[in-house]
Amino acid sequence: MKLRERCPSICVAAALASIGEQLDPLEDACTTHMTLSRRAEFIGGRLAAKQALRDAGHANPVVAADAQGVPIFPVGYVGSIAHKYGRAVAIAARSSAAQGLGIDLEFDENHDEASLAAEVITDVEQRWLAAVCAAEPMLLSPSTLVLAAKEAIYKAVFQITRTAFDFDDAEVRFAPGSRSFRAVRFPGVENLTVHGEYELSGRWVLAVAFTTA
Ligand SMILES: CC(C)(COP(=O)(O)OP(=O)(O)OC[C@H]1O[C@@H](n2cnc3c(N)ncnc32)[C@H](O)[C@@H]1OP(=O)(O)O)[C@@H](O)C(=O)NCCC(=O)NCCS
């Protein structure tokens, strides 16, 4: 990911879902009503987040969650968590590096491309999608890439604005060939800029977004 070269202070880490690992009591309290599998993915996310935070300079991180499920990163740090099919990823950085961070992990599978496209892709996005597909011949599901980018954008923005929005409310634009994107439209704060990058590895789609004022 070019992000590592551009912003080395932004750290990404991965972990597997796990039920054996011990959580901090504040984190554990978030899992009270979770099923076993949900708890396992929650723990995987915490393992990844804590690794990313340690890489970013925090000695002993705890990542609880607020009432809306948004992860609470330690004071002075920002970050985000995602999980899919037993794998978890997280991104973290000191608050001086970004106002908000978002991450999403998806699996590139072409189950029902037409209905996913109808849900996540706007008419404007549809117009440039062919250029992205031409640059990514291995991609099975272009909608999954758009979904990942938009969810990363959503997570990066929501932690700042606390404004929920849907796929139609946001518009993303990719730069074909560079595996980067930016949000051209989303509700919330006017002077917020959101950039992102993605990586395709095997069938995994990893997208990260970072907001700056
Ligand atoms: C927040 C949301 C995007 C998460 O996506 P998901 O596919 O369900 O799950 P993911 O694995 O990608 O991410 C889950 C993690 O996101 C984080 N999260 C949850 N709500 C969040 C929010 N509002 N803002 C930022 N991060 C959030 C949590 O860390 C969660 O993991 P945890 O509960 O184990 O800590 C989704 O639940 C949601 O609220 N969607 C509605 C809004 C939407 O999709 N709009 C369209 C985007 S343009």
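Eight bridges connect strand 4 and strand 5 (residues 87–94), an antiparallel pair; strands here are DSSP runs of E with at least two residues, helices are runs of H or I with at least four, and both are numbered from the N terminus. Pairing requires that DSSP find at least two bridges between two strands. This is a predicted model, in which local features need pLDDT of at least 70 and side-chain atom pairs count only at pLDDT 80 or more, while totals for chains, interfaces and linings use all residues. Residues are numbered from 1 along each chain as its sequence is written.

The open sheet comprises three strands in the order 1-5-4, paired antiparallel. Its edges are strand 1 (11–16) and strand 4, each of which pairs on one side only.

The ligand shell counts 24 residues, of which Ile81, Lys150, Tyr154, Lys155 and Phe158 come nearest; a residue is near a molecule if its C-beta atom, placed from the backbone, lies within 6 Å of it. Two or more shell residues come from each of helix 3 (36–56), strand 4 (77–84) and helix 6 (142–161). Helix 6 contributes the most, with six residues.

The classes of the shell residues are as follows, with Ala, Val, Leu, Ile, Met, Phe, Trp, Tyr, Cys and Pro counted as nonpolar, Asp, Glu, Lys and Arg as charged, and the others, Gly among them, as polar.

| Class | Residues in the ligand shell |
|---|---|
| Nonpolar | 12 residues |
| Polar | six residues |
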